[in-house]
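Let's take a friendly walk through this protein chain. Have a look at the sequence and the 3D view, and then we'll pick out some features together.

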Amino acid sequence: MKDKLNTMNDVRMTFKAPWDWLLILMTSGVTLLLLGLDYYSTGIIPTLITWSIILGALGFGIFGYHIEDEHLKILRLGWSKDIELSDIKSVAYKPYAMTGSVRTFGIGGLFGYVGYFRNSILKSYKAYVTHREKTVVLTTEEGEIVISPDDPEAFVASIKSVLGDHLVDS
């Protein structure tokens, strides 16, 4: 697979993680609210709580996706969540795949929709999403993973060109 990655010069390997309007609104609103509360609070404890929430959520935010060295890297602030490409069984662009979802554990709108979610279509799944319309569903042996690259169709084409026959039709 590594040789295939090296010869895929015309295939896009890096994708941004665009924010939808709700994520922009929620992140801006919550951040401003926390900073406002901190401004009008006295003592070090409110300041520590405010910055812990903001920086903690920022550390788990999604900043892009990169296909490299037999991994899909979900880019975070200073680190990445790596998914083995060989673990991916199918990939499909499914706009609004998160519709009707309930967050079971994670962040639901501060720098991203990240964590464990559940809905009637996908059942339980992991999300690394910043734009609810541009969702791509990756099926692995461990379950579904939902991401949101800036160009979902090009992302699906890139994964399919890298994995080729390894994928099941979705």
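## A buried leucine

Leu122 counts as buried, with a relative accessibility of 10% (buried means under 20% relative accessible area, exposed over 50%, and partly exposed in between, using a 1.4 Å probe and protein chains only). You'll find Leu122 in the loop between strand E7 (113–119) and E8. Helices here are DSSP runs of H or I with at least four residues, strands are runs of E with at least two, and both are numbered from the N terminus.

Which residues does Leu122 touch, leaving aside its neighbours within four places in sequence? The partners are Ala97, Val137, Glu144 and Val146, where contact means heavy atoms within 4.5 Å. Take Glu144: Leu122 and Glu144 sit 22 residues apart in sequence, with 7.2 Å from C-alpha to C-alpha.

## The model as a whole

A quick word on the ground rules: this is a predicted model, where local features need pLDDT of at least 70, side-chain atom pairs count only at pLDDT 80 or more, and totals for chains, interfaces and linings use all residues. Residues are numbered from 1 along each chain as its sequence is written, and side-chain values use heavy atoms, with hydrogens and water left out.

The chain has 4 helices and 10 strands, and from the N terminus on they run α-β-α-α-β-β-β-β-β-β-β-β-β-α. Its C-alpha atoms fill a box of roughly 60 × 35 × 25 Å along the principal axes. Of its 170 residues, 41% count as buried. Looking at contacts with a separation of 6 or more, 55% come from residues 24 or more positions apart.

## Salt bridges

Side chains of opposite charge can pair when their charged atoms come close. A salt bridge here is a side-chain nitrogen of Lys or Arg within 4 Å of a carboxyl oxygen of Asp or Glu, and the count comes to 4. One of them joins Asp150 to Arg12, with the closest N and O atoms 2.7 Å apart. Asp150 is in the loop between strand E10 (143–147) and helix H4 (152–163), while Arg12 is in the loop between helix H1 (2–6) and strand E1 (14–16), so this pair ties together parts 138 residues apart in sequence. Asp150 is partly exposed at 22% relative accessibility, and Arg12 is partly exposed at 32%.

Asp20 and Arg132 form another salt bridge, with 2.6 Å between the closest N and O atoms. These two link distant parts of the chain, 112 residues apart. Asp20 is buried at 4%, whereas Arg132 is partly exposed at 27%. Then there's Glu141 with Lys89, at 3.6 Å from N to O. Here Glu141 is exposed at 72%, and Lys89 is partly exposed at 24%.

## Two helices side by side

How do H2 and helix H3 (residues 44–59) cross? Their axes come within 9 Å and cross at roughly 165 degrees; axes are lines fitted to C-alpha atoms, for helices over the stretch in contact, with angles from 0 to 180 degrees between N-to-C directions. H2 and H3 are therefore roughly antiparallel (over 145 degrees; under 35 is roughly parallel, 65 to 115 roughly perpendicular, and the rest oblique). Among the residues making the contact are Leu34 and Leu35 of H2 and Trp51 and Ile54 of H3.
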